[in-house]
Amino acid sequence: MENKEDKKVKMAFIDVNYVVNQSKDVKELKLENAQKNRELQIWLSKVNTNVIEQGTKAEKDSLLAQYNKEFAIRQNNIRQDYNLKLQQIDAKITNVIAEEAKKLDYDFIFAKGTLLYGGEDITLKIAELVK
């Protein structure tokens, strides 16, 4: 009968950057974010045209101040949405890693850069699960 002292510690490591870059969810989020930024650039072009068409300097300055506030709000909303979704994806990837670690009976999973020696590289297994 094997007791706890006889059990060997089973370790693995993961190249987290590779897994994140292979994630379907991350790829979709990057595309979505790029589209939102393109839309923001289109809006800025329209705003610029609108400001130029104003008659007096006071009208231009007033409209520009209004647009600057709106731009800051839009940009902040895009950033917050991206960060929230990225956190959700991170939690999902972490759960996949934990489930796979339990399934494969690992005691410890390290990020590739923190493990100097030993352990099995399970990067490709995890990357396949998050595709």
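What percentage of the 131 residues of the protein chain count as buried?

1. In this predicted model, 23% of the 131 residues of the protein chain count as buried, the term being applied to residues under 20% relative accessible area. The protein chain exposes about 9700 Å², and carbon and sulfur atoms supply 54% of that area.

2. The secondary structure of the protein chain comprises 4 helices and 3 strands, which follow one another along the sequence in the pattern β-α-α-α-β-β-α. The radius of gyration of the protein chain is 24 Å, well over the 14 Å that the globule rule gives for 131 residues, so the chain is more spread out than a compact globule. Along its principal axes, the C-alpha trace of the protein chain spans about 90 × 25 × 25 Å.

3. The 3 strands form an open sheet, in the order β2-β1-β3 and with parallel pairing; its edge strands are β2 (108–111) and β3 (120–121), each of which pairs on one side only. Strand β1, made up of residues 11–14, is joined to β2 by 4 bridges, and these two strands run parallel. Within this part of the sheet, Ala 12 stands opposite Ile 109 in β2.

Note on methods: Residues numbered from 1 in each chain as written. Predicted model: local features only at pLDDT ≥ 70, side-chain atom pairs only at ≥ 80, totals over all residues. Heavy atoms only, no water. Rg over C-alpha atoms; globule rule 2.2 N^0.38 Å. Buried < 20%, exposed > 50% of the residue type's maximum accessible area, 1.4 Å probe, protein only. Areas by Shrake-Rupley, 256 points an atom, 1.4 Å probe, with all protein chains shown as cover. Pairing = 2+ DSSP bridges.
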